[in-house]
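Morning, everyone. Please bring up the structure, and let's walk through it together.

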Amino acid sequence: MKKIVQIARLELSLLFYSPIAWLLIMILFLQMSFDLIPAIDEIQHIQDFIPAFSFLTDKFFTTSIKLGNLPYGIFFGILSSLYLYTPLVTMGMISRETSSGTIKLLYSSPVKLSQIIYGKFLAMLVYNLVIIALMGLFLIIGILFIDNFDYPHPLVALLVTFLLLSAYAAIGIFMSSLTTYQVVAAICTFAVLAFMNYIGNFGQSLAFVRDLTYSLSMPSRAERMVAGLLNSRDVIYYLVVSGIFVGFTIVKLQLGRVSKPFLYHAARYMLVLMVGLSIAYLSSRQPVIFYYDATYTKVNTIVKATQQILKDMGEEPLEVTAYVNVLHGSYSFGAPVNRIPATARWEPYLRFKSNINLKWVYYYDYRDPQFYVINQGKSLKTLFLERAKAFEIDTGGFLDPERIRKQADLRGENDRLVFQLKYKGKTTFLRTFDDASFWPDEPEIAAAMKRLIVTPPKIVFVTDGYQRSMDKIGDRDYKMLANNKSGRASMINVGFDIDSVSLDNDHIPAGIAALVIGDPRVQFSPVAKTKLQKYVADGGNLLIAGEPGKQAVINPLLDSLGVKMRNGTLVQSSADFSYGLVTPKLAAGAVAMAPDMEKAYKEKAKVSMPGAAALSEEHQGIFTIQPLLMTNEKTAWIKMGQFVLDSAALVFDAKNGDQNGAFPAALMLTRKLKNKEQHIIVTGDADFFSNKELSRNNIEVMNGSVGISIFSWFANREFPVSMSRPESRDNKLMLTKGGVSTLEILYYGLIPGAIFLFGIVLLIRRKRK
């Protein structure tokens, strides 16, 4: 070990007595400064107008997402260019010895060749540590000026950067051993490192080539860990790469001393390679991978609720099959070329359940009649072959319509990419969506998995009385909230089953989570009313949503509940909107219904109701009644009689019977019955969770959240699966405009200048000696 250290000290002296090392360090520091300081300036400026700016540690140091004018996090951004700094440093490590002839002295010295290589590699490790120490100077900004700086996260990024630099150094040393010319060694190292930086983009459409090139791609592994999730697989990978190339260098020098056949040389290299690849393969098996999420909020780890679902599944495997239709536009996301990133989305779940088996099935089919109208006279196979030719798709392995329909019933999934989950004989669909993310996220994945181990709650919509439809896309209907398969926030995608029933013709299904009566326009028949009364008497959960002007229809349904829909219509004065648009605020009952709405309640969040009636508690009944939504007594009142909204401004008219005050626009009713709690919601508006109101973007409201919370309450909060995790703490940059100017002087001038002067002084002192 002593000899290895001596060799390392000698190499370091040669390295730091060279202007190249100092120049590269200074350029690297300036490159990172030019990324970080403008980002700090931007955030400081924005923070003057938006005080809370979350996850500042990530935004400055590790993020892989560009936000407006902000660059990537400096540790993420530097990964793609780190390979540029190694070749000029390592190019002379061995080639200098061979070109000057000193290699012969090394061969005849009492020092082992392996010790020589270890010493040179140790010198590079120390040089890399110097680089890491300079990078650490940027962390001082975070420690001093970011409130609650999340320091473990960037420390992991520094560790990953060191591992990547060390692997590059090992490759550079080996390249240096292959030639006597330092320039050639540098060029070869550039070529190899550039190849390993970009090889991950090649051959992604071919299964074997895809896996091979991805395994050789070095920065992609670092990018995952820079995000804050350290894992043993990728750490060992970088150690193995370093070990393989250090081993190659030792073999190269040892074989340079003897004359052996080519096969002997190849066998020595192959032995080193096989040992390294075996270690990398064994360490990449999912059951032996260890993880450490360095972020405070554990953003790289699925939430506790999802972990519990996977734990409850036990040792039984979960089969996940992706069905990808080449004739649908979603094919591009699931094409083989995108298989690696698509599969990587399941790693957070594999971390807690290693026997999740992923399969990809490709087929061609189309059920939409309009598709055949557009492509008249062409068979599905012809269309398939035309598309395959246009996009250069290998047609092997694609199932035809007959075979895919035997394998899976995909009716109703609109021919798009969809996952089918199978566990203990039960199946459920996990869908993709028409938004920027496309892929299902944790809320949808957790809900789909949980549906396999519990009985999904069923919400049933009543159809009697010309009520709002759960299947239509009209402004006043409910498809967007209830039954929109391509919308990720729709109830059908967060765990619920949706159905409908006619009370006149059918019985209310047993065991449902809730029954929904949405704006009936005519009175229920005696038969329907009797069934409804029995359902309520037996403890069934119920949502009754009425509209002003329908009091005669709604109030008979409310008699037994102890509440009433008041006469008249709620109106609200506004400078921008119609008087008919009422925006009641969350009441304390909202927090009792959904504890996670406490923050929204404190912030006085609103719900939009275009045309609402006020409710009242008529008598002390068997239910405990709490307001869920309350109007503002300063801006809203009950308007009696007929009025026109698009003429003159409405005024309060007490003589006409108008009533002033704060009125409940929604009530929640509870009672204990048969060892469970019965839940009932009554609202004076049936539009607040309609398709139109869920699409409203001209006022800040939370209709969708309230709608989902109501149905979650009916399901005893079993669905949607709770995604709660700690909130970020590093939300404030404690820096003024003058402070940013000081940082610019320090990081643009003083520190790089100090590096430059230190290098000059060291070189001059050596020159004098």
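One definition before we start. A salt bridge here is a side-chain nitrogen of Lys or Arg within 4 Å of a carboxyl oxygen of Asp or Glu.

Now, what are we looking at? This is a predicted model, where local features need pLDDT of at least 70, side-chain atom pairs count only at pLDDT 80 or more, and totals for chains, interfaces and linings use all residues. Residues are numbered from 1 along each chain as its sequence is written, and side-chain values use heavy atoms, with hydrogens and water left out.

The overall picture first. The protein chain has 30 helices and 22 strands. Those are DSSP runs, numbered from the N terminus: helices are H or I with at least four residues, strands are E with at least two. The C-alpha atoms fill a box of roughly 110 × 70 × 55 Å, taken along the principal axes. Of the 769 residues, 52% count as buried. Buried means under 20% relative accessible area, exposed means over 50%, and partly exposed is in between, with a 1.4 Å probe and protein chains only.

Next, helix packing. Axes are lines fitted to C-alpha atoms, for helices over the stretch in contact, and angles run from 0 to 180 degrees between N-to-C directions. Angles under 35 degrees count as roughly parallel, over 145 as roughly antiparallel, 65 to 115 as roughly perpendicular, and the rest as oblique. On handedness, a crossing is left-handed if the near helix is turned anticlockwise from the far one by less than a right angle, and right-handed if clockwise.

Start with helix α8, residues 113-145. Its axis comes within 11 Å of the axis of helix α2, residues 19-47, and the two cross at roughly 20°. So α2 and α8 are roughly parallel to each other. Their crossing is right-handed. Helix α1, residues 2-16, also meets α8: the axes come within 7 Å and cross at roughly 50°. That pair, α1 and α8, is therefore oblique. Again, α1 passes α8 in a right-handed crossing.

Move along to helix α9, residues 152-177, and helix α10, residues 182-198. They pack at an angle of about 140°, with their axes 9 Å apart. That makes α9 oblique to α10. The crossing of α9 and α10 is right-handed.

Back to salt bridges. How many does the structure hold? The count is 30.

Glutamate 402 pairs with lysine 406, and the closest N and O atoms are 3.7 Å apart. Both lie in helix α21, residues 401-407, 4 residues apart, about one turn of the helix. Both glutamate 402 and lysine 406 are exposed.

Aspartate 687 bridges to arginine 468, with the closest N and O atoms 2.8 Å apart. Aspartate 687 sits in the loop between β22 and α28, and arginine 468 in the loop between β8 and α23, so the pair ties together parts that are 219 residues apart in sequence. Are these two buried or exposed? Aspartate 687 is buried at 5% relative accessible area. Arginine 468 is buried too, at 4%.

Arginine 476 is partly exposed, at 38%. Aspartate 519 is buried, at 0%. Salt bridges that share partners join Arg468, Arg476, Asp519, Glu547, Lys550 and Asp687 into one network.

Stay on aspartate 519 for a moment, and look at the backbone. Its phi is near 60°, a positive value in a residue other than glycine. Arginine 717 also has a positive phi, of about 60°, although it is not a glycine. Arginine 717 lies in the loop between α29 and α30. At 43% relative accessibility, arginine 717 counts as partly exposed.

Proline 720 is also in the loop between α29 and α30. The peptide bond from phenylalanine 719 to proline 720 is cis, with omega near -10°.

That's the tour. Questions, please.
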